[in-house]
Amino acid sequence: MTARIDEIAPDLYRICLYVPAFDLQFNHFLVRDDEPLLFHTGMRGMFPAMREAVATLIDPASLRWISWSHFEVDECGALNEWLAVAPNATPVCGEVGAMVNIGDFSNRPPRALKPNEILGTGRHRFRFVPTPHLPHGWDAGVLFEERSGVLLCSDLFHQLGEVEPVTSADVLGRWDAAVAAYQAHPVLMDYLPLTPGTRRRLNELADLQPKVLAAMHGSAFVGDGGAALRAAADMLQFRLGAAPVDAQHVA
Ligand SMILES: [Fe+2]
Ligand SMILES: [Fe+2]
């Protein structure tokens with residue numbers, strides 16, 4: 001398994017591992033800065049390939065921060081493997097994740113971010129935005145890099161296939177196709193929930209006016225990220241929304 005590495009914003013690298021069995025890319029983001037940050041650890045089975053890839057950019061032992069969106073193996077499964085090779089690294093996630101999962105799972109105590117707290121790495125400033133159940137998981141959140149406008153958006157804008165590292169094409173159309181495919185799959189269906197907070201949280205992310213949507217699966221989107229996020233609420237409502245209640249059937 002060999003990683004492809006692309007710089008998608010200044011000193012922000014997309015490290016992509018494509019898994020043919022799933023026809024899916026798994027992207028991990030490394031920020032090369034005074035205090036290097038890795039967003040998405042990858043799965044444990046990906047760790048050797050990931051360590052090798054990161055080592056072409058920085059000394060893995062110099063990692064300072066390790067973060068992710070929500071507790072799932074592609075997001076943070078290899079956290080302890082990274083902590084073993086990076087003695088000064090600290091896991092960093094939202095308060096829910098720290099309290100519910102990471103305080104126990106991690107071999108080193110996490111830093112828990114409050115809503116809108118800034119994680120500074122030197123030249124970069126990452127705003128933490130909690131997004132419970134978006135894309136999924138009670139503990140979900142995203143990081144927004146305020147200087148370059150990059151939103152590390154996890155499973156939002158999930159795209160299938162071996163696609164280009166960066167696109168300005170219709171990324172929402174690709175996400176829609178992925179959601180439709182998963183909804184039709186006997187095991188993968190119900191990957192994403194639709195909740196009363198889904199649209200509001202997407203709109204809150206849109207208000208950040210991201211210029212780059214750094215998706216975990218698929219291409220990073222460069223363009224009007226706010227418009228894509230606002231439109232995404234309609235897509236999810238259409239794909240996941242329950243049929244309206246027939247008034248005749250209400251007692
Ligand atoms: Fe996920
Ligand atoms: Fe994912």
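Visitor: Why is Asp11 counted as partly exposed?

Guide: The relative accessibility of Asp11 is 21%, and the class runs between buried (under 20% relative accessible area) and exposed (over 50%), with a 1.4 Å probe and protein chains only; Asp11 therefore counts as partly exposed. This is a predicted model, where local features need pLDDT of at least 70 and side-chain atom pairs pLDDT 80 or more, while totals for chains, interfaces and linings use all residues. Residues are numbered from 1 along each chain as written, chains are lettered from A and ligands numbered from 1 in the order written, and side-chain values use heavy atoms without hydrogens or water.

Visitor: Where does Asp11 lie, and which residues does Asp11 contact beyond its neighbours within four places in sequence?

Guide: Asp11 sits in the loop between β1 (4-9) and β2 (12-19), where strands (E, at least two residues) and helices (H or I, at least four) are DSSP runs numbered from the N terminus. With contact taken as heavy atoms within 4.5 Å, and neighbours within four places left aside, Asp11 touches Leu30, Val31, Arg32, Arg123 and His124. The C-alpha atoms of Asp11 and Asp33 are 7.2 Å apart, although 22 residues separate the two along the chain.

Visitor: How do you know which residues are the protein donors of the iron ion (ligand 1)?

Guide: Donors are N, O and S atoms within 2.8 Å of the metal (3.2 Å for Na, K and Ca), and since water is not among the atoms, sites may look incomplete. His70 (NE2), Glu72 (OE), His136 (NE2) and Asp155 (OD) lie 1.9 to 2.2 Å from the iron ion (ligand 1), so they meet that limit. Along the sequence these donor residues are spaced H-x1-E-x63-H-x18-D. His70 belongs to the loop between β5 (65-67) and α2 (73-76), and Asp155 to the loop between β11 (150-154) and β12 (166-167), so the pair ties together parts 85 residues apart in sequence. Both His70 and Asp155 are buried.

Visitor: What makes the site of the iron ion (ligand 1) irregular?

Guide: Four donors are tetrahedral if all angles lie between 85 and 135 degrees; four are square planar, and six octahedral, if opposite donors are over 155 degrees apart and all others between 65 and 115; anything else is irregular. Around the iron ion (ligand 1) the angles among the four donor atoms span 87 to 166°, and the site is classed as irregular.

Visitor: Why is the arrangement around the iron ion (ligand 2) irregular?

Guide: The four donor atoms there subtend angles of 85 to 177°, which makes the arrangement irregular. The donors of the iron ion (ligand 2) are Asp74 (OD), Asp155 (OD), Met216 (SD) and His217 (NE2), at 2.1 to 2.5 Å, with the spacing D-x80-D-x60-M-H along the chain. Asp155 bridges this ion and the iron ion (ligand 1), the two ions lying 3.7 Å apart. Distant parts of the chain are linked by Asp74, in helix α2, and Met216, in the loop between β13 and β14, 142 residues apart. Asp74 and Met216 are both buried.

Visitor: How do you know that β11 pairs with β10 and with β13?

Guide: Two strands pair if DSSP finds at least two bridges between them. Strand β10 (residues 141-145) and β11 share three bridges in the antiparallel sense, and β11 and β13 (residues 212-215) share four in the parallel sense. Glu145 stands opposite Val150 in β11, whereas in β13 the bridge partner of Leu151 is Leu213 and that of Ser154 is Ala215. These strands belong to an open sheet of seven, in the order β8-β9-β10-β11-β13-β14-β12, with mixed pairing. At its edges β8 (118-120) and β12 each have a single partner strand, so one side of each lacks a neighbour in the sheet.

Visitor: What makes β11 largely enclosed?

Guide: Five of the five residues of β11 are buried, so the strand is largely enclosed by the rest of the structure. Val150, Leu152 and Ser154 are buried on one side, and Leu151 and Cys153 on the other.

Visitor: How do you know where the buried residues of α4 fall around its axis?

Guide: The buried residues of helix α4 (residues 95-105) are Gly97, Ala98, Asn101 and Ile102. Their arc, taken from the directions from the helix axis to the C-beta atoms, is 135°, so they line one face of α4. The face turned away carries the exposed residues Met99, Gly103 and Asp104.
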